[in-house]
Number of protein chains: 2
Amino acid sequence: MVTYRSIKAEILDGIIRRRWAPGDLIPNEEDLARDYGCSRSTVNRALQELADLGILERRRKAGTRVAQRTSRGALIQIQIVRNEIEQSGRRYGYVLLERAEAWAGSETAALIDAPRGAALMHLRCLHLADGAPWQIEDRLISLAALPTAREVDFEALSPNEWLVTQVPYSRSEHIFSAEPASAEERERLRLRPDEPVFVIERRTWLAGQALTYVRLSHPGLAYRMISREDDLLAAPEA
Amino acid sequence: MVTYRSIKAEILDGIIRRRWAPGDLIPNEEDLARDYGCSRSTVNRALQELADLGILERRRKAGTRVAQRTSRGALIQIQIVRNEIEQSGRRYGYVLLERAEAWAGSETAALIDAPRGAALMHLRCLHLADGAPWQIEDRLISLAALPTAREVDFEALSPNEWLVTQVPYSRSEHIFSAEPASAEERERLRLRPDEPVFVIERRTWLAGQALTYVRLSHPGLAYRMISREDDLLAAPEA
DNA sequence: AAGTGGTCTAGACCACTTC
DNA sequence: AAGTGGTCTAGACCACTTT
């Protein structure tokens, strides 16, 4: 039986084994359908999924070409801190360090992408793995967008967990960097002298309105962010 | 006209505005098709794409549910270094520091995931932006998998560029970390005292065979890895 | 003007999962 | 056993792009 999966696999194989090089035109849907003895819809689905993966480029009338691969991306999965720690078999711990409400100055307004003077909640927390410091969470929440944040007991539930489970967003931005540790980070994360921090900054919006900004800092020597991509040639069945 | 895109947008809107909360069951395809006055295939495509995005979870007989969102991932685009620099309007420079062939010892074998004793090429290069050091590329290439690497003029073309444009792979792994700078990195990247490096490590394989391992280190104070996600609610037309 | 992909349809059969 | 999604078909019309 010719399935869209089998067509997808064959085309992929042809690309990887250089039957078609980047930039080459592959046959049109009608021809492929005849070759494979299936309907055009089936071919269409296979090619469309390869185009979604960035492996093919398709244009009406111009046909379907193998994309000039600049290197595929890496997909980073950012989980709820608690799950990330528990899934690696360690015990999760959490401490709220600070909770305050304030109006946005020009610096904080820029961080969270809210207007100056907007009402914000500022939270600082420490997440622990097996009792050892794992991550400092330094967060701003827009109270205009999320007034219910005022009623949440952040001593019991981390803002990270509350937001991820309760607050939908439609757009996000992530920035990753390596920074020298501040004196406070050195102390709270119990860093060695000279040990840097791995920093993740994230902003989220819902329908154009800023929701939150967070800076997550991890001990540089203990933290690695890993992304594994599935093998494109691996057959689902065998 | 009811299109699969409009259905996708409506369902997404319903999820984001909490008409359905995470874990909730949404109507089955047949009912939705009747509601929208379209065929089941159209509904199917909409729901399937949302499932591919990780927003819905579907199981036969059990139906379609809103996924428990752990937070969507961040997609990192890793480009050819030269393009990355030139696209930001800076002048690109490149220097080959070292080129050698060797047999894999136990450490290098583990890095590249090749057997001990495998023939490897070792390359070290420096990439510059506007004359300032931007990245050290420290690379191992498996000569068993890529014997043609021996004939490439790496004085003229960086291994990064050669591999990305010429060598297909089917699986990859990325690791990002913050590390204290070594003495050599401090010198080559002209780092300030205490400035860490942002490190990207990447391995690639083709059909199970290891191709290459690379360690890319950037000045921590100058480098930021950024990932922006499209707004899910943004309408393609208006 | 003509070629190619994009999408929809109405129906069919099947595969998987729960009841 | 029955409900739900997964996939295929044959055909149709349309949208976009190039010639």
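These are my notebook entries on a predicted model with protein chains A and B and DNA strands C and D.

**Entry 1: domains of chain A**

I began with how chain A is divided. The domain assignment gives domain 1 as 4-66 and domain 2 as 81-219. I then looked up the spacing and found the C-alpha centres of domain 1 and domain 2 of chain A to be 44 Å apart.

**Entry 2: the sheet in chain A**

Next I traced the strands of chain A. I found an open sheet of 3 strands in the order 1-3-2, and its pairing is antiparallel. Strand 1 (25-26) and strand 2 are the edge strands of chain A, each pairing on one side only. I checked the pairing of strand 1 with strand 3 in chain A: 2 bridges join them, and they run antiparallel. One partner I noted by name is A:Arg65 in strand 3, the bridge partner of A:Leu25.

A reminder to myself: strands of a sheet pair through backbone hydrogen bonds, either parallel or antiparallel.

**Entry 3: the sheet in chain B**

I turned to chain B and again looked for strands. Here 3 strands form an open sheet in the order 1-3-2, with antiparallel pairing. The edges are strand 1 (25-26) and strand 2 (56-59) of chain B, which each pair on one side only. Strand 1 of chain B is joined by 2 bridges to strand 3 (residues 63-66), and the two run antiparallel. B:Leu25 stands opposite B:Arg65 of strand 3 in chain B.

I also wanted to know what lies across this sheet. Helix 3 of chain B lies across strands 1, 2 and 3 of chain B, and runs at about 115° to strand 2 of chain B.

**Entry 4: around DNA strand C**

Which residues are the closest to DNA strand C? I counted 25 residues surrounding DNA strand C, and the closest are A:Arg40, A:Arg58, B:Thr3, B:Thr42 and B:Arg59. Of the atoms of DNA strand C that come within 4 Å of the protein, sugar and phosphate account for 69%.

The side chain of B:Arg59 has an N or O atom 2.3 Å from a phosphate oxygen of DNA strand C. For B:Arg5, a side-chain N or O atom is 2.9 Å from a phosphate oxygen of DNA strand C. The side chain of B:Arg40 goes to a base instead, with an N or O atom 3.1 Å from a base nitrogen of DNA strand C.

The elements giving two or more residues to this surface are helix 3 (40-52), strand 2 (56-59) and strand 3 (63-66) of chain A, with helix 1 (4-16) and helix 3 (40-52) of chain B. Helix 3 of chain B gives the largest share, 4 residues. By class I found 4 nonpolar, 9 polar and 12 charged residues near DNA strand C.

**Entry 5: around DNA strand D**

I repeated the search for DNA strand D. It is surrounded by 25 residues, the closest being A:Thr3, A:Thr42, A:Arg59, B:Arg40 and B:Lys61. Sugar or phosphate makes up 69% of the atoms of DNA strand D within 4 Å of the protein, and bases make up the rest.

On the chain A side, a polar backbone atom of A:Tyr4 is 2.8 Å from a phosphate oxygen of DNA strand D. A polar side-chain atom of A:Arg5 lies 2.9 Å from a phosphate oxygen of DNA strand D.

Which element gives the most to the surface near DNA strand D? I found helix 3 of chain A, with 4 residues. The residues of this surface divide into 4 nonpolar, 9 polar and 12 charged.

Technical notes. Residues numbered from 1 in each chain as written. Chains lettered and ligands numbered in written order. Predicted model: local features only at pLDDT ≥ 70, side-chain atom pairs only at ≥ 80, totals over all residues. Heavy atoms only, no water. Domains from an automatic or database assignment. Near = heavy atom within 4 Å. Polar contact = N/O pair within 3.5 Å; in protein donor to acceptor, adjacent residues only side chain to side chain. Nonpolar A, V, L, I, M, F, W, Y, C, P; charged D, E, K, R; others polar. Pairing = 2+ DSSP bridges. Contact = heavy atoms within 4.5 Å. Axes fitted to C-alpha atoms, helices over the stretch in contact; angles between N-to-C directions.
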